[in-house]
Structure formats: structure tokens, C-alpha cells
Amino acid sequence: MNSDNDLQIAGDILEVPHLLQPPREHPATVAEFVGLARSIADDRAQWAHLVRYDATTRWYHRLRTGPGYEVWLLSWVPGQGSGLHDHGRSSGVLTVLDGTLTERTERGTRALAAGTQRVFAPGYVHEVVNDALEPAVSLHVYHPGLTEMPMHTSPHCEARTTPGAVTA
């Protein structure tokens, strides 16, 4: 019978600092981008004073950038929507901060209440709309940073690019 345990075989990992990974300054994995969005969402002091509501168009503000990513804050008054689109080569994390948004995809419709997070890959086609009677605020993390937002006429149609457009 072998009486050696993992600690005896490998040693205490805390005693071997070169085995520990240094904390990253910027996120690099999907889980880290979700964590970044969650930490910003939980710290209202970081974003609440920046929110503006515009009855003529969705308001947006780039909150932060890092190597290969950017974070956007958007507000939505009732009736405002993104139109059916994808995010080009960018992946993303959508977090609802206040209010309720509706997401429509070819798979169906879902209500996104405050605190809800959605993660999507490049080419994910959706439409985000404020169907509620109250304003909403959302946070969007894109990796790499958003450079295009092809618009779609239906979930199965070819994309058409709107140059310089930034949205959900």
C-alpha cells in the first residue's frame, strides 16, 4: 500500500511560487470576460452617473478598453431596439443592468431582466429591444473590439454591413 499523498509527492504549491500563475491585468477567456462584466455591473458607482436617456436614438458610451476588448454602456427607452444584427468577428457578453430587454433570435424570444447575462460567439444573430414601459440599461463587452455590425433582414438572410455602427 502506497502511503504517499499528493502533497508529499508534489509538494505544497504555495511553496513553489513559480507554479502559480500571476493574476492577469486584462481578461483573456470567456469566463474572465463574464467576470469583468459582472464586476462592473455590481459596481454602480462606475457607470450609473454616466447613463443618459435619449428619446430619438439609443444612447451609448464606451466605458473601457483593454488589449483586444472594449466595454460599452447602453441605455434604451421604451420602444428602442437594435435591429436584427450580428457582431462580425467579435464575441460578446451582454449584461442587463437595469430594466428588462427582449432578445429575439431565430430560436425564439426571451425576456432579459436586470442581472441576466448572455454570452455569444461571432456570427450570433439577434435583435435586442426594450419592449417594457420603463427605460433599461445594458453593458456589452466585445472581444475583439466591435468593428462591424452587419444588419440582417431576417435570421436566415445575408448580412448587410452598416459602417461605423455600434450597438448591442
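Me: Which residue in β8 is the bridge partner of G92?
Reply: Y142 is the partner of G92 in β8. This is a predicted model, in which local features need pLDDT of at least 70 and side-chain atom pairs count only at pLDDT 80 or more, while totals for chains, interfaces and linings use all residues. Residues are numbered from 1 along each chain as its sequence is written, and side-chain values use heavy atoms, with hydrogens and water left out.

Me: Which way do β3 and β8 pair, parallel or antiparallel?
Reply: Antiparallel, over seven bridges, with β3 covering residues 91–98. Two strands pair if DSSP finds at least two bridges between them.

Me: What about β2 and β8, how many bridges there?
Reply: Strand β2, residues 69–76, pairs with β8 over seven bridges, in the antiparallel sense. One example is V71, whose bridge partner in β8 is V141.

Me: How many residues of β8 are buried?
Reply: Seven of the eight, so the strand is largely enclosed by the rest of the structure. Buried means under 20% relative accessible area, exposed means over 50%, and partly exposed lies in between (1.4 Å probe, protein chains only).

Me: And for the protein, what share is buried?
Reply: Buried residues are 39% of the 168 residues. The accessible surface is about 9,500 Å², and 53% of that surface belongs to carbon and sulfur atoms. Such areas come from the Shrake-Rupley method with a 1.4 Å probe; for residues, only the protein chains shown count as cover.

Me: New topic. How many helices and strands are there?
Reply: Two helices and ten strands. In order from the N terminus, the elements are α-α-β-β-β-β-β-β-β-β-β-β. Helices (H or I, at least four residues) and strands (E, at least two) are DSSP runs, numbered from the N terminus.

Me: Where is E32?
Reply: E32 is in helix α2, which spans residues 30–42. Its relative accessibility is 28%, so E32 counts as partly exposed.

Me: Which residues does E32 contact, neighbours within four places aside?
Reply: R24, H26 and P27. Contact means heavy atoms within 4.5 Å.

Me: How many salt bridges are in the structure?
Reply: Seven. A salt bridge is a side-chain nitrogen of Lys or Arg within 4 Å of a carboxyl oxygen of Asp or Glu.

Me: What does R104 do with D131?
Reply: They form a salt bridge, with the closest N and O atoms 2.7 Å apart. The pair links distant parts of the chain, 27 residues apart: R104 is in strand β4 and D131 in the loop between β7 and β8 (136–143). R104 also forms a salt bridge with E127, at 3.9 Å between the closest N and O atoms. That pair is 23 residues apart, with E127 in strand β7 (residues 127–129) and R104 in β4 (residues 100–105).

Me: Is E103 buried or exposed?
Reply: Buried, with a relative accessible area of 2%. E103 forms a salt bridge with R110, the closest N and O atoms being 3.7 Å apart. R110 is partly exposed at 41%. E103, R110 and R118 are linked in a network of salt bridges.

Me: Last one. Where does pLDDT stay under 50?
Reply: Over residues 156–167. pLDDT is the predictor's confidence in each residue, from 0 to 100. Where it is low, the predicted coordinates should not be read in detail. The mean pLDDT of the protein is 86, and 77% of its residues reach 70 or more.
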